[in-house]
Amino acid sequence: MPDVRAFLVLWAQAFNAHDVDKLAALYARDALLYGTSSSKLYSGAEEIRTYFRRTHTVEFEAWRSARLAANLVLVVGNYVFSQSSTDHIAATPARFTFVLSHKDDAWQILHHHSSAAPD
């Protein structure tokens, strides 16, 4: 199975660089996203691009993956979003689910769900 860890590093790097084009390119053309900070279901990479106009950074904590089919993987885990101000860092623990498809030697996100972790 191709390296899921490398894909998560790539996703975090694009997110932390606020590189919306690179981030959107990691999503399939018909991907779905339920983000942490919006109740809207974003459909398709172009609409998902509009969601990622934030100033947060992210760090993956723990995750597990399970193969669903030859080129399909479910990834479930926790990450922490952070936002800095001059005197304070606000951290938001969250949990995520990715469904990844491996095609043409690259992973693409088919489905991404993220929600704040319960206290």
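**Close-up views of a predicted protein model**

**View 1. The whole protein and its surface.** The protein exposes about 7,100 Å² of accessible surface, and carbon and sulfur atoms hold 50% of that area. Areas follow the Shrake-Rupley method with a 1.4 Å probe; for residues, only the protein chains shown count as cover. This is a predicted model: local features need pLDDT of at least 70, side-chain atom pairs count only at pLDDT 80 or more, and totals for chains, interfaces and linings use all residues. Residues are numbered from 1 along each chain as its sequence is written, and side-chain values use heavy atoms, with hydrogens and water left out.

**View 2. Overall dimensions of the fold.** The C-alpha trace spans about 50 × 30 × 25 Å along its principal axes. A compact globule of 119 residues would have a radius of gyration near 14 Å; the protein has 14 Å, which agrees. That radius is taken over C-alpha atoms, and the globule rule is 2.2 Å times the number of residues to the power 0.38. Of the 119 residues, 36% are buried. Buried means under 20% relative accessible area, exposed over 50%, and partly exposed in between (1.4 Å probe, protein chains only).

**View 3. Helices and strands in order.** The protein has three helices and six strands. Along the sequence they follow the pattern α-α-β-β-α-β-β-β-β. Helices (H or I, at least four residues) and strands (E, at least two) are DSSP runs, numbered from the N terminus. Among contacts with a separation of 6 or more, 44% link residues 24 or more positions apart. A contact means heavy atoms within 4.5 Å.

**View 4. R49 in helix 3.** R49 sits in helix 3, which covers residues 45–51. Its relative accessibility is 19%, so R49 counts as buried. R49 touches V20, D21 and A24, leaving aside residues up to four places away in sequence.

**View 5. Strand 4 against strand 5.** Strand 4 (residues 72–84) and strand 5 (residues 89–103) run antiparallel, joined by 13 bridges. Two strands pair if DSSP finds at least two bridges between them. V73 stands opposite L100 of strand 5. In a regular strand, side chains alternate between the two faces of the sheet.

**View 6. The hairpin of strands 5 and 6.** Strand 5 also pairs with strand 6 (residues 106–116), antiparallel, over ten bridges. R95 has S115 in strand 6 as its bridge partner. The two strands form a hairpin with two residues between them. In the turn, D104 has a positive phi of about 55°.
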